[in-house]
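Trainee: I am new to this structure. Could you take me through some of its features?
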Amino acid sequence: SASSSSSAFNNNTLSTLYRAGFDAHWELDLFGRTRNQVTAAQAHHTAAIEDLHDTQVTLLAEIASEYITLRNSQRQSALAQDNIDAQKNILALTQERYRRGLVAYLDVAEASTELSAAQATLPLYHAQEKQALRAIIVLLGYAPEQLPITLRTANTVPAIEATSSVGLPSDLLTRRPDLRAEQQRLAAAAADINIAKIDRYPSLDLTFGLGLQSREHSNFLDIDNRYWSLAPGLQLPAFDAGRIRANIDNKQAVYEEARYRYQQIFHTALQDVENALSGFYAEDTRRHHLQQAVTTADLALELAQRRYTTGIDNFLNVIVAQRALYTAQSNLADTEAQRSLQAIALYKALGGGWQ
């Protein structure tokens with residue numbers, strides 16, 4: 001609404017016109033332009049929300065993966081330290097047997113070499129642990145001093161099970177936020193094509209005015225001083241045919257690009273699910289065999305040490321058995337971590353699943 005007064009000369013006499021009212025403008029949605037504009041805007045808004053959900057899923061997967069890496073590095077550090085302690089005991093035993101003249105100095109040298117090799121692995125795992133901690137700090141937005149002390153304390157690698165509700169490939173269309181976002185962009189592109197095509201048709205708008213006007217201030221509010229107006233407007237696109245055709249072609253090209261991108265993401269999603277599933281079950285099978293290998297290697301080391309201390313076997317068998325046990329334990333820890341990482345990759349490929 002608005003009110004105003006103006007002065008003008010009428011028959012060489014200065015007069016004042018008082019006026020108050022409002023104007024409204026409508027464009028009649030004869031061919032659905034406004035409806036398609038609303039559809040496109042809503043689709044872009046929903047796509048932005050789904051992009052946020054996709055970012056959240058990716059962030060959660062990254063945090064979980066770094067946590068697994070951290071726990072595996074701590075586990076590997078503990079195994080390496082156990083191996084170092086075992087090698088120190090073997091070296092002390094060998095030195096004592098050499099002092100008694102029961103073995104040659106070659107056994108001492110070999111034991112010392114194995115100890116140094118075992119000690120060389122420890123700094124690598126410590127570095128991996130620090131890198132994983134820094135990554136978690138960045139992903140969580142923490143300052144280093146805010147990191148929970150429980151993360152710095154070694155703990156086991158969590159055994160994450162793969163989901164049993166993978167479902168049909170079509171289920172990915174409703175589960176993955178990136179696919180839902182692309183669906184919305186495809187819908188927006190289709191609406192944009194409709195808007196471009198509607199430009200070929202005329203548009204009709206109405207301008208409506210309503211208010212009061214009077215030359216006298218005293219009777220300005222009288223009902224006899226009211227007025228109204230209705231002015232229709234018609235626009236014809238007769239001279240814009242080339243521009244409109246080019247705009248339609250452009251919107252159709254955008255739609256085709258969105259469609260191909262949607263298909264590519266869908267096929268990539270299927271591949272991600274299949275890769276994560278096959279990886280998880282492969283690591284699960286490998287874990288079963290490595291558990292047996294650790295049990296056997298532990299028994300073999302115990303027998304080798306007994307035979308060496310009784311003088312039946314040489315020191316080489318002890319070295320081989322100790323090395324085999326440590327390798328089996330390290331491989332088992334790695335495959336347990338990889339198994340959990342594959343489970344995380346599966347949940348991410350399915351669009352989440354930590355609820």
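Mentor: Let us begin with a term. A residue is called buried under 20% relative accessible area, exposed over 50%, and partly exposed in between. Please keep in mind that this is a predicted model.

Trainee: Is Glu302 buried, exposed or partly exposed, then?
Mentor: Glu302 has a relative accessible area of 35%, so it is partly exposed.

Trainee: Which residue does Glu302 meet in a salt bridge?
Mentor: Its partner is Arg306, with 2.6 Å from N to O. Arg306 has 51% relative accessibility, so it counts as exposed.

Trainee: Why would such residues point the same way?
Mentor: An α-helix has 3.6 residues a turn, so residues three or four places apart point the same way.

Trainee: How many salt bridges are there in the whole structure?
Mentor: A search finds 16. One of them joins Glu114 and Arg323, at 2.3 Å from N to O. This pair links distant parts of the chain, as Glu114 is in helix α2 and Arg323 in helix α7 (residues 315-349), 209 residues apart.

Trainee: Is Glu114 buried or exposed?
Mentor: Glu114 is buried, because its relative accessibility is 15%. Arg323, at 45%, is partly exposed.

Trainee: Changing topic, what span should helix α2 have?
Mentor: Its 36 residues (105-140) should span 52 Å at 1.5 Å a residue, and the end C-alpha atoms are 54 Å apart, which agrees.

Trainee: Which residue follows α2?
Mentor: Gly141 does, and its phi is positive, near 75°.

Terms used: Residues are numbered from 1 along each chain as its sequence is written. This is a predicted model: local features need pLDDT of at least 70, side-chain atom pairs count only at pLDDT 80 or more; totals for chains, interfaces and linings use all residues. Side-chain values use heavy atoms; hydrogens and water are left out. Helices (H or I, at least four residues) and strands (E, at least two) are DSSP runs, numbered from the N terminus. The expected span of a helix is 1.5 Å times one less than its number of residues. A salt bridge is a side-chain nitrogen of Lys or Arg within 4 Å of a carboxyl oxygen of Asp or Glu. Buried means under 20% relative accessible area, exposed over 50%, partly exposed in between (1.4 Å probe, protein chains only).
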